[in-house]
Amino acid sequence: MERHSHKKRGPASAILTADWHLREDQPVCRTDDFWETQWKKVTFISNLQKEHACAVIHAGDLFNHWKPSPNLISQTILKLPDKFFTIYGNHDLPQHNLDNARKSGVFTLAASKTLQLLSSGHWGVSPEQGSLIGYHIGNSTILVWHGLVIAEGAPTWPGCIAVTPKHLLKKYPKYPLILTGHNHQPFVAVYENRYSVNPGSLTRQTADQNEMKPRVYLWWEDTNEIEPVYLPIDDSIISREHLINA
């Protein structure tokens, strides 16, 4: 079950998140200072990490473009939470190709020891079923994957190639928790007391996300429980004017 009052428990084992899409430019739907707002979200998670003294597990697309500016890279180095683990998302990779990963900003952060890259689960790579891969903690391993997972019953579109969380949980029964990124809509699914968690995007960068509540999830390894932590937002800063006037 999802819990809603993390203050009642001891420190979490990990913070689960995905799809930060850090960027220097302003999304067309935003009426605030987006540069300032996105770093407030990062600082909120950094403070949460300090409170729990745990790892932050990120399921890909740290940046909105594979080639972040020096300014964006510098600010990320200064602001990124401690114990940050990630994988490559499609936006993190030149031409969405893992063979080009060494050219990316995420690789620069890994080379500078600002973050740690997990060995698999990157965009374009299907998880290997035969061995436990991902993030290891205690007696558990989290499967982390950047691929399109859509909640049961959610609408799709022509040509959509996706899997459901229940499909993943059935396919990979050795994992108590599967963390996915790429789909910007948050959802949680459970099957046989195991979880599939898709945290959604850190910020709202398109007008259709106006009703979305950005969040991360706390996870306790000993009981395999999760709990959402909602990030502070301003409901008034998403504009549809660019769509009306198009």
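I began with the pairing of β1 and β10, and found that these strands run antiparallel over three bridges, where I take strands (E, at least two residues) and helices (H or I, at least four) as DSSP runs numbered from the N terminus, and call two strands paired if DSSP finds at least two bridges between them. Across this pairing, isoleucine 15 stands opposite leucine 218 in β10. The model is a predicted one, in which local features need pLDDT of at least 70 and side-chain atom pairs count only at pLDDT 80 or more, while totals for chains, interfaces and linings use all residues. I number residues from 1 along each chain as its sequence is written, and side-chain values use heavy atoms, with hydrogens and water left out.

Next I looked at the other partner of β1. Strand β2 (residues 55-58) runs parallel to β1 and is joined to it by four bridges, with leucine 16 opposite isoleucine 57. Between these two strands the chain passes through α1, and the β-α-β crossover is right-handed, meaning that with the strands pointing away from the viewer the path from the first strand over the helix to the second runs clockwise.

Which way do the side chains of β1 (residues 14-17) point? Ala14 and Leu16 point one way and Ile15 and Thr17 the other, and all are buried, that is, under 20% relative accessible area with a 1.4 Å probe and protein chains only. In a regular strand the side chains alternate between the two faces of the sheet.

I then traced the whole sheet, which is open, has six strands in the order β4-β3-β2-β1-β10-β11, and shows mixed pairing. Because β4 (116-117) and β11 (225-230) at the edges each have a single partner strand, one side of each is left without a neighbour in the sheet. Further in, β2 and β3 (residues 84-86) pair in the parallel sense over two bridges, and valine 56 has phenylalanine 84 as its bridge partner.

Last, I turned to the nonpolar cores, meaning sets of buried Ala, Val, Leu, Ile, Met, Phe, Trp, Tyr and Cys residues joined through side-chain atoms within 4.5 Å. The largest has 29 residues, and Ile15, Trp20, Leu22, Leu62 and Leu115 have the most contacts inside it. At least two of its residues come from each of α1 (34-52), α2 (70-79), α3 (105-111) and β10 (215-220), and α1 gives the most, with four. A second, separate core of 20 residues includes Ala59, Leu118, Val144 and Leu179.

Conventions. Buried < 20%, exposed > 50% of the residue type's maximum accessible area, 1.4 Å probe, protein only.
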